[in-house]
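I opened my notebook to look up a few things, one at a time. Come along and check each entry against the picture.

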Amino acid sequence: MSEFLFRQTPPAEPIQFDGEKCTNCGRCLEVCMIDVMLPGEKHPIAAYPDECWYCGCCVMECPEGAIRLRHPLMNQTRWVEKASLLKKEKE
Amino acid sequence: MEKSQWPYENRAGCVTRLQADVLVLGGGVAGCMAAAQAARRGQSVILVEKGAAKRSGAGGSGCDHWESAATNPCSTVSPEALLKAMMDDNDGYNNAISHYIECREGWDALLDIERMGGKIRDTEDEFKGAAFRDEKTKLMFAYDYKSRVTLRIWGATFKPAMAAACRKLGVRVFDRVMATTLLTEGGRQGGRCVGAAGFHTRTGEFFVFSAKAVIMAMSRPARVWLFSSGHPGLCEFRPLQCAGDGHAMGWRAGAEFNMMEKSVQAEFSAAGRSFPPYSTGNNHNTWYAASLIDAAGRKIPYADRDGRLLKTVEERYLPAPGQDFFLKGGAVTQAKYEFEGPETLPYEELKKQGYRLAFYADLSDLPELERKVIWGMMVGQEGKTQVPVYQNFTEAGFDPRRHVLQCYGTGWQSAQFLPKERQLFGLPGGFMNDWDLMTNLPGLFVAGDALFASDCYGHAAATGSYAGRKAAAYARKNQRLPLCEEQIEAEKRRVYAPLSADPREGVSWKELNEAIAKAMQNYCGEQKRDELLLSGVELLERYEREVIPKAFAANPHELTRLLEVFDILTVAQVILQACLSRRQSCEKLEFYRPDGDGAEPAPFICLRQEGGRVLRRQVPLDYAGDVKENYEKHNRDYIEEKEAAL
């Protein structure tokens with residue numbers, strides 16, 4: 001088990017960086033209209049994740065494909081195979 | 001990073017003064033178009049943007065369709081006929097001037113964006129042969145394939161092209177500067193607008209801008225009734241930073257506002273009841289006209305306005321027999337019979353016929369190009385869809401030929417909100433304008449979402465260009481006036497105060513925003529009554545008196561958010577005043593007054609402040625007059641310019 005640490009509990013973590021790919025060029029940080037990020041040592045830090053409106057411009061701007069944006073769990077919508085609905089109905 | 005460190009330089013208290021002929025406030029769609037237009041007309045231009053102009057504004061990440069381009073070469077509807085429909089559909093409670101500009105010049109603005117580098121045609125012939133494509137121009141249309149006034153566009157390419165064009169034209173762009181006040185002649189409420197002031201959202205540096213003409217191109221207000229401290233970025237349709245700062249600073253400066261009593265039952269708040277727009281199954285806007293099926297896979301019928309069931313997908317895109325065109329789009333929830341387009345049967349009827357929830361959007365049964373244009377172009381180019389919806393869903397395995405996407409709710413909306421959960425949507429209130437898109441403050445022009453009864457991208461772009469043209473002409477004719485130093489000093493004190501407040505006693509921006517939203521739900525919900533509205537006025541005045549002086553911000557970023565909430569408080573107060581001013585219910589304003597006097601609803605009710613007092617006047621709904629005649633009278637130069645270019 002790792003050591004306990006104190007942190008502010010985030011409601012969601014919209015923006016994740018791939019430390020291997022990120023060159024810390026800062027383009028994502030500069031394009032974000034809300035200024036969600038602050039400069040960091042290895043890559044920008046999503047300092048205000050709750051303010052993100054999930055537009056995806058940081059991902060669109062990244063030349064390395066180093067950012068993942070994901071909707072909060074509650075907003076991840078569901079899809080199914082159409083065939084499964086028809087099959088269920090037959091049964 | 002240590003908790004105490006702020007990574008940017010602290011320049012709080014440093015003042016930078018700048019001059020331009022034309023000052024544009026807000027670097028969204030309207031602001032960029034305005035700045036480019038003014039610069040092309042030989043004016044020195046400064047553009048002030050709270051975020052980063054490259055992707056800022058409600059349309060920054062993209063847009064999939066451009067409405068009301070009545071003068072595009074394939075349109076079968078005249079700008080006059082389209083405008084008349086937009087006005088009639090709203091019983092006249094709409095902005096005839098700005099929407100006529102949209103109908104008449106929207107196509108010009110779109111061509112301008114194409115010249116800047118935006119993609120508006122299917123140049124790769126990806127959709128060759130589709131029913132919605134014109135083979136000659138390679139333009140593609142949405143909704144009504146007969147009238148062809150709404151174009152499908154690759155809007156994710158637009159905003160970076162606009163921002164780059166502005167820079168190329170010599171516009172000085174100040175990103176990360178939040179304008180907080182308009183500066184007026186002599187510092188007087190109602191005086192000529194002579195500039196603006198604001199601060200840098202990272203360093204705290206104070207900026208003072210002096211200009212001959214100013215264009216207000218900031219957003220409509222938000223977060224007035226809806227707030228979530230957990231997901232503030234998701235609580236409205238538009239971005240977090242589109243908070244209504246422009247409305248608030250306009251009100252403080254004495255600008256006149258119209259239709260501020262209008263609000264609608266909320267439709268979009270992904271922090272709470274609904275989902276991120278376009279990420280769920282539905283059949284409106286981006287997703288028009290997707291097939292819907294029920295839980296048993298039964299196809300949900302589409303019908304025309306007379307209830308005639310439509311047999312083919314093609315018919316969903318055509319007007320009814322005897323109808324010239326139908327209205328669909330961002331600001332049209334339910335058009336009147338005359339303009340009503342094809343629609344799936346209402347839920348009550350579906351329930352009777354045994355259709356069962358949940359419903360799903362089913363693209364699998366659409367013709368291939370119809371499927372491909374919804375999933376891949378519309379979902380992809382529309383704002384907020386390219387990465388979190390199109391890219392992420394595709395990576396997770398969503399295949400529109402096999403999978404069906406769940407709808408939440410009983411129709412196209414992804415949730416049902418409470419009547420007291422309200423939103424400024426569907427042609428909300430804003431700055432009152434004349435035929436030059438000038439406000440009552442001489443030298444202050446207005447464009448895009450700042451205008452009353454604004455709606456979408458094409459409206460923002462067309463009114464932006466128009467305001468840029470008019471402001472340039474004004475700047476050429478008028479001298480620069482000195483700024484009022486007292487007004488600047490007072491604003492500096494106001495802006496910086498929260499940085500020195502006591503964090504133990506001070507309220508944060510989130511706590512204050514949540515309190516305002518709750519107050520507005522309680523006192524300014526669906527039913528408007530004097531007693532409730534006055535209690536709301538009293539409570540918000542108390543917040544202004546007791547909470548604002550103690551509010552705390554730890555850094556310039558928090559200060560930005562806090563000053564936005566101060567602006568939201570101002571806007572909420574304007575809304576309460578506007579609601580108190582309207583004495584009768586008015587359906588098209590979604591305004592209900594159980595204590596009304598039973599008389600006919602008043603026309604426009606316009607409000608402004610003078611010497612701190614609220615002044616009201618009524619304005620006839622047809623104040624724009626004959627739109628064609630007045631447009632041509634006010635735009636001879638532009639019409640001649642266009643003719644000369646041909």
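**Before starting.** I reminded myself that this is a predicted model.

**Entry 1: a helix in chain B.** I began with helix 1 of chain B, which covers residues 29–40. I found twelve residues in it, and from the first C-alpha to the last it reaches 17 Å. That is close to the 16 Å expected at 1.5 Å a residue.

Among the buried ones I noted B:Val29, B:Cys32, B:Met33 and B:Gln37. Several alanines are on that list too, including B:Ala34, B:Ala35 and B:Ala36.

Next I asked what covers the buried residues of helix 1 of chain B. My list includes strand 1 (15–25), strand 2 (45–48) and strand 9 (206–216) of chain B. It also includes helix 3 (96–116), helix 4 (158–168) and helix 10 (457–477) of chain B.

**Entry 2: another helix in chain B.** I then turned to helix 14 of chain B, residues 556–581. With 26 residues at 1.5 Å a residue, helix 14 should span 38 Å, and its end C-alpha atoms are 37 Å apart, so the two values agree. Helix 14 of chain B is mostly covered as well, since I found 25 of its 26 residues buried.

What caps the N-terminal end of helix 14 of chain B? I found B:Asn555 there, with a side-chain oxygen 2.9 Å from the backbone nitrogen of B:His557.

**Entry 3: a cavity.** How many cavities of 30 Å³ or more does the structure hold? I found six.

**Entry 4: a loop residue.** Last, I looked up B:Leu418, in the loop between strand 16 (403–406) and strand 17 (422–423) of chain B. Its relative accessible area is 36%, so I wrote it down as partly exposed.

Which residues does B:Leu418 touch, leaving aside those up to four places away in sequence? I found B:Gln265 and B:Arg273. B:Leu418 and B:Arg273 are 145 residues apart in sequence, yet their C-alpha atoms are 9.7 Å apart in space.

Terms used
Residues are numbered from 1 along each chain as its sequence is written. Chains are lettered from A and ligands numbered from 1 in the order in which they are written. This is a predicted model: local features need pLDDT of at least 70, side-chain atom pairs count only at pLDDT 80 or more; totals for chains, interfaces and linings use all residues. Side-chain values use heavy atoms; hydrogens and water are left out. Helices (H or I, at least four residues) and strands (E, at least two) are DSSP runs, numbered from the N terminus. The expected span of a helix is 1.5 Å times one less than its number of residues. Buried means under 20% relative accessible area, exposed over 50%, partly exposed in between (1.4 Å probe, protein chains only). A polar contact is a pair of N or O atoms within 3.5 Å; within protein, one must be able to donate a hydrogen and the other to accept it, and residues adjacent in sequence count only if both atoms are side-chain atoms. On a 1 Å grid over the protein atoms alone, a cavity is a set of points where a 1.4 Å probe fits but cannot get out, and a pocket is an open set with protein on both sides within 12 Å along at least five of seven lines; lining residues have an atom within 4 Å of a point. Grid points are joined across faces, edges and corners, and a volume is the space filled by probe spheres set on the points. Contact means heavy atoms within 4.5 Å.
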